[in-house]
Amino acid sequence: MTFNQAVDPEKANFAVKRGAASVNVADITFKEDNKTAVVELPTKFVKADYTVTISGLTEEAIVKELSTEAETVATIEVLGDTAAATYNGDNEIDGATIAYQVLNQYGENVTDESLASSITWTPSAGEADDNNRGQLIFEGSYRLDQNVTVTGVDQASGTVVTKAIKIGSASVVDTVNLNSLYNVDGKELNTESDFTEFDILLDAKDQYGNKITSTGKLFEDLIVTSSNPSVVSFEANPFVDNAGEDGDQLGIQLKKPANNMHGKATVRVISKSTGKTVTFEVEVAEAAKVDSFTINQPTKVVGAGETVEIPFEAFDQYGDAITKYNALNGVVSLSATGGHVAFKNDYVNRKAVLEFRAPATEGNYVITAVTPTGKLSQITVKVEDSREAAVVAKASSMATTLVEGGTTTLRARDITVQDQHGRDYKLADFFADGYSLNVEVKDDSVDVVELSGTTTFTASNQTATITANGKGTKRFVVSIIDANGDLVESSELEFPVRVVEKSAVSEFAIGDVKEIQAVNGAEVSFDVHGLLSGSKVGLPSDMFAVTATHGLRYADGKLILDDASGLDFDTSDKIEATVTVQVDSAEGLVTLTKKVTIVDEASKLATIDVDSTDYIEVANGVATAPLNYASIANLKNVFEGEDQFGNDYALVNPTFFVSNIKDENGVAKTTSAFVTNNGRTNAAITGALQPGYTFTLAVTTEGITKTIQVVVDRAASHVDAQLSAAEWTTNPVLGQLAEASTATLDFSDVDQAGQLAEASTATLDFSDVDQAGDTVTIGDTVLVNGVDFTTAATLALEINDADLGVTAVDNEDGTITLSAAFESGIEVVLNDGDASEATIAIDNGGQPAIIAENGTLVITFSNAVNFSDFDLEVDGGATVSIALDDVEVDGNTVTISEIAADSDLGSATDITNVLNLTDLATGEEVTVVDGNVTITTAE
């Protein structure tokens, strides 16, 4: 498209139509003078009339029309006068090859396209055909210098070519051009690169000028050498095809030498037949490496046993910042005089963070970092005493001025608690750590106010009610009670509650009211309050009366629609009811009105929101899912529906669409390789995701779509089976186990009445633990009845079936410490222990323990059985050990209690067999009758 003057490419908008149908535009390129634009379509023009509209340049759009013809073969050319002979095993000429090309009516080369695939060739001797890639192949018995005439015909276009050629000597590579070093991602070649991802692109011709297309021919005729094999080298046959941006070029693939170094190397390609040599210089840069690393003081107070982020800056030898986990972890040497310091991979932000887990003792600790180039950075971190609740900072969201007879509510969730370092203490953690909040009136007389409801808060959902009895002001005190029931000194927060006579309040208001659905029993909040100096004042319920039209009634702060059947929605699906409030003020009757909309509409989805679940954390539109929870079956639980009235709404047959899957390096992955039934209700992630992968998940139902970004984190650990003692009082499940964290099995609460089953086992999954020299502590106290458990009974620990043994035992506190690099499968074996009850407690790196609920397993056998230890074969594979000390036997029916719902057995769908059971009379093995197994669990 040529314009009569230069135009602004940014303003030009091109639209193309073929007839009335719009045609996509693939690309628009302007020449330097901005007078000519090349408009490229994604497919070729066909015979048709096209209209091109250019808008944005003039007041009225420019419209031009053009007619195009269908593409056709216009020219067939046989390139050269000599065909290269080919030889059979007897060194006889059995064919020859020569190049050809096909052009369309616009002079474009279409040799490789389907348009040129129907040419028929007729030679004067032998037979001929083409490979549709520019090579004409003769077959037959020929002799050197024989003249052959060949005719090619494209019947569709009627194009004909006739060429007289001569049979010449065999083709050999004559000329080679080494063009460029190519990497599909445009990466620079350095000492850490994958050399196989780099090719020297080339083109070659034989002595007749024919293009060489075979890598075998190149290998047969050429030698490739490197002037510096320590910088770059090659395989015996380095030639590759399908190279280059379009995958249609030949190349020489590089090979990384052993103990490679940076520098330059001259690549020589030598013709075996002619001795001609061409060269190409390859430069291998030194890979970026950490040269300087500076650690800085943490921005927050560090308490004993807490984990904090240590700010740092890292630069390579070129002055570029380094932030990636893989570029720092294991490269920078880290140490601390106490606690543990390590890099952590922040998969959400794709960078490394440096974390310091402070020791359990306060004091000054030195953290040191050393780069591979020997540069050192060091800080001293002051570790304060461990976190303790210190003060109630504030109590919000309650009315502190009341009219006599009015009430206000103090909610635990509106109270802010801080620790001794001035940091907010999450209420969930506060209560979990054994603290409570005590609420009281400083002067406990009830002449002004009275306190009722819960006055000691032990959970966030608890409330206390303050009732105004008489004019005056009373101070309330909220204080912290520790786990021992003692008051935490100086923790109190005092706040006043003022009670006024109704004569002090002359202004009144009604709060905002939501629409109410026209169904029986529907209700909405309805707030009537006074105003004093702009602040809300709580009113007694007998100070005002509420009446409403259309069947609405008021009760306990709500408008309720008891019967919607009499409402008339003939002309509209909405009715405006009038709510009248009459306030008995000191100055006389005050009347307020409020319009409330009643909607005759079925509940329907209005919005989809997202929220965290037990294992998947959602923040700022990003869901971080542990690897073993990164499934649609788990991720769908983060989506929550709400209807148009603000009520919870269950999503109906939602579809799930996964897109934009990338690995930890941001490299895009093929979605179909990871997801089946994408975009359907039964979509599933079936591919092998890895930590650091990200993808977009969209849920759609009832025309509404909600999208979140998902980041795959390390797997969350869990207990695979409960310990097979006769009865465990708890069966905790590990949450996310922090890197290099400590797990403790506590056997201090044992009952001597029974006996621990022989060879009882428990498998604990520590798949997320750091591999480098972690310490696992088994047992704060391993003393049973004053006797060292390790001598009273054999305690063996096996990691990946390798017996690690016990490296240290302290009989004063019974601590056993093991050091090993391990992945998963810690098996605790308790042999002949004298105990029937015990408590297992897991210190899982700050995560809350999850207590499983117990169920009952009932199995019916073919005969009465001899009960010793036995195993259940679950789902045809996994075997679960069952303790027998507390089983109930009734003939051939066995009931086993205390099976954990979260164990392999508790969640099993099919018990296929029971192993190692014998008949009392015959001693022969007994099996389950017809697979008749009934499972009753908390699930």
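Biologist: In which order do the four strands of the open sheet with mixed pairing stand?

Modeller: Strands of a sheet pair through backbone hydrogen bonds, either parallel or antiparallel. Here the order is β22-β29-β28-β25. A strand is a DSSP run of E at least two residues long, a helix is a run of H or I with at least four, and both are numbered from the N terminus; two strands pair if DSSP finds at least two bridges between them. Keep in mind that this is a predicted model, where local features need pLDDT of at least 70 and side-chain atom pairs count only at 80 or more, while totals for chains, interfaces and linings use all residues. Numbering starts from 1 along each chain as its sequence is written, and side-chain values use heavy atoms, with hydrogens and water left out.

Biologist: Which strands stand at the edges of that sheet?

Modeller: Those are β22 (302-303) and β25 (333-336). Each has a single partner strand, so one side of each is left without a neighbour in the sheet. For β22, two bridges join the strand to β29 (residues 376-384), and the two run parallel. To find that spot, look for V302, whose bridge partner in β29 is V383.

Biologist: And the three-strand open sheet: what is its pairing, parallel or antiparallel?

Modeller: Antiparallel, in the order β43-β48-β47. Neighbouring strands are turned by 25° against each other on average, direction ignored; the angle is taken between lines fitted to C-alpha atoms, on a scale from 0 to 180 degrees. Four bridges join β43 to β48 (residues 558-561), and V524 stands opposite L559 in β48.

Biologist: Which strands pair with β18 (residues 249-253) in the antiparallel sense over four bridges?

Modeller: β15 (residues 198-206) does that. Strand β17 (residues 239-243) is also joined to β18, by three bridges, and runs antiparallel to it.

Biologist: What is the phi of N34, which is not a glycine?

Modeller: It's positive, about 60°. N34 is found in the loop between β3 (27-30) and β4 (37-40). At 25% relative accessibility, N34 counts as partly exposed, because buried means under 20%, exposed means over 50%, and partly exposed lies in between (1.4 Å probe, protein chains only). N132 also isn't a glycine and has a positive phi, near 60°; its place is in the loop between β10 (127-130) and β11 (135-139).

Biologist: How many helices and strands does the protein chain have?

Modeller: Five helices and 82 strands. Of the 939 residues, 40% are buried. Among contacts (heavy atoms within 4.5 Å) between residues at least 6 apart in sequence, 64% join residues at least 24 apart.

Biologist: What pLDDT does the protein chain average?

Modeller: 79, with 76% of the residues scoring at least 70; pLDDT is the predictor's confidence in each residue, from 0 to 100. Over residues 874-878 the pLDDT stays under 50, and the model has 12 contacts for them beyond four places in sequence. Residues 935-939 are also below 50, with 16 contacts beyond near neighbours in sequence. Where pLDDT is low, the predicted coordinates should not be read in detail.
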